[in-house]
Amino acid sequence: MTTIVFSHPSSAEHETGAGHPERPDRIRAVLKALESEQFAGLMRREAPAAQIDQVARVHPDGYVERLLAAVPDEGIARIDADTVMSPQSGEAALRAAGALIAAVDAVVSGEAENAFCAIRPPGHHAEPVRGMGFCLFNNVAIAAAHARAEHGLEKIAVVDFDVHHGNGTQAYFQDDPGLFFGSTHEYPLYPGTGAASETGVGNIFNVPLAPGTGSEEFRAGMDDLILPALRAFDPDLILVSAGFDGHERDPLATLRLRENDYSWVTGRIREIAEEHCNGRIISTLEGGYDLDALASSVTAHVHGLIA
């Protein structure tokens with residue numbers, strides 16, 4: 001089993017201002033956790049910057065140009081009330097998307113069986129023409145578009161277990177039967193999307209979880225709906241939006257998941273990947289705002305990729 005971790009120093013240079021939950025210490029906690037002895041066998045790669053035309057497969061040129069032009073020379077610039085940029089944010093966003101692109105190339109070529117992208121800013125809230133929810137570019141959607149355009153893969157799946165619904169990924173996927181999106185998330189909660197009735201063209205599978213629920217409900221949603229649908233979809237590649245803010249200690253939501261839930265779901269996704277797409281999984285960091293819970297949850301998840 002070969003697993004590559006993609007990262008870049010710019011992820012820690014994307015400053016969001018005092019008191020912002022999506023802060024540089026998040027990526028520092030993740031990378032420190034991945035330095036432990038159990039991860040000595042990981043391959044490690046520096047994430048390249050995505051090219052504008054690669055990002056523009058998902059986000060129109062005008063949006064990309066406006067966003068990068070809005071990166072401030074100093075201080076903080078606001079995209080909305082929650083989403084901000086600082087002088088290194090443009091590079092960080094391009095490197096985050098580039099990490100996913102490089103991971104697709106490595107996994108599809110057979111250099112590695114799977115990959116984890118330890119990057120920020122996260123991506124799953126970014127809609128084609130709007131950044132929001134701490135997200136600037138939709139990294140998993142860009143990866144899916146790249147896998148199709150450059151490698152000829154036809155059926156790309158995203159499994160998203162962030163506590164917040166991946167509205168941006170759903171928006172890009174929902175009209176294309178060759179793209180699959182399955183999400184568990186607390187509901188009602190930001191961004192307000194993700195009802196079970198939102199099914200796209202039969203390719204969207206949402207499992208809204210009531211506030212305060214935990215492992216039993218999460219695992220049932222995966223076992224009863226998302227994982228059987230994923231297996232039936234027969235993907236060529238599985239992307240994972242790995243958000244760890246469903247952990248019981250996370251300050252931004254109220255689900256009661258624990259580390260063993262993340263290792264469990266990683267194992268179940270791996271089983272399907274091994275059955276249908278030669279084990280090809282690319283996972284990327286989304287949310288998770290309690291630093292200790294984030295570090296231990298990432299440890300459980302990445303251990304599940306390499307086990």
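Modeller: What follows starts at the pocket and then moves to loops and a helix pair. Keep in mind that this is a predicted model.

The largest pocket has a volume of about 170 Å³. It is lined by 15 residues, and those closest to its centre are His125, Phe134, His164, Tyr190 and Leu252. By type, the lining of the largest pocket consists of six nonpolar, five polar and four charged residues.

Phe134 sits in the loop that runs between β5 (114-117) and α6 (139-151). Its phi is positive, about 75°, although Phe134 is not a glycine. Phe134 has a relative accessibility of 15% and therefore counts as buried, the limit being under 20%.

Tyr190 is joined to Pro191 by a cis peptide bond, with omega near 5°. Pro191 belongs to the loop between β7 and β8.

Thr213 is buried, because its relative accessible area of 15% falls under 20%. Setting aside neighbours within four places in sequence, Thr213 is in contact with Thr254, Leu255 and Arg256. Between Thr213 and Gly243 there are 17 Å in space, C-alpha to C-alpha, and the two are 30 residues apart in sequence.

Next is the helix pair. The axes of α8 (residues 215-233) and α9 (residues 259-276) come within 11 Å and cross at roughly 10°. An angle under 35 degrees counts as roughly parallel, so α8 and α9 are roughly parallel to each other. On the α8 side the contact includes Phe218, Met222, Leu227 and Leu230, as well as Arg219 and Asp223. The α9 side includes Trp264, Val265, Ile269 and Ile272, along with Asp261, Arg268 and Glu275. Taken by type, the residues of the contact of α8 with α9 are eight nonpolar, three polar and six charged.

Past α9, the loop to β10 (281-285) holds Asn278. Phi of Asn278 is near 55°, another positive value in a residue other than glycine. Is Asn278 buried or exposed? Asn278 counts as exposed, because its relative accessibility is 63% and the limit is over 50%.

Notes
Residues numbered from 1 in each chain as written. Predicted model: local features only at pLDDT ≥ 70, side-chain atom pairs only at ≥ 80, totals over all residues. Heavy atoms only, no water. 1 Å grid on protein atoms, 1.4 Å probe; cavity = no way out; pocket = protein on both sides within 12 Å on 5 of 7 lines; lining within 4 Å. Points joined across faces, edges and corners; volume = space filled by probe spheres on them. Nonpolar A, V, L, I, M, F, W, Y, C, P; charged D, E, K, R; others polar. Axes fitted to C-alpha atoms, helices over the stretch in contact; angles between N-to-C directions. Helix = DSSP H or I, 4+ residues; strand = E, 2+ residues; numbered from the N terminus. Parallel < 35°, antiparallel > 145°, perpendicular 65-115°, else oblique. Contact = heavy atoms within 4.5 Å. Buried < 20%, exposed > 50% of the residue type's maximum accessible area, 1.4 Å probe, protein only.
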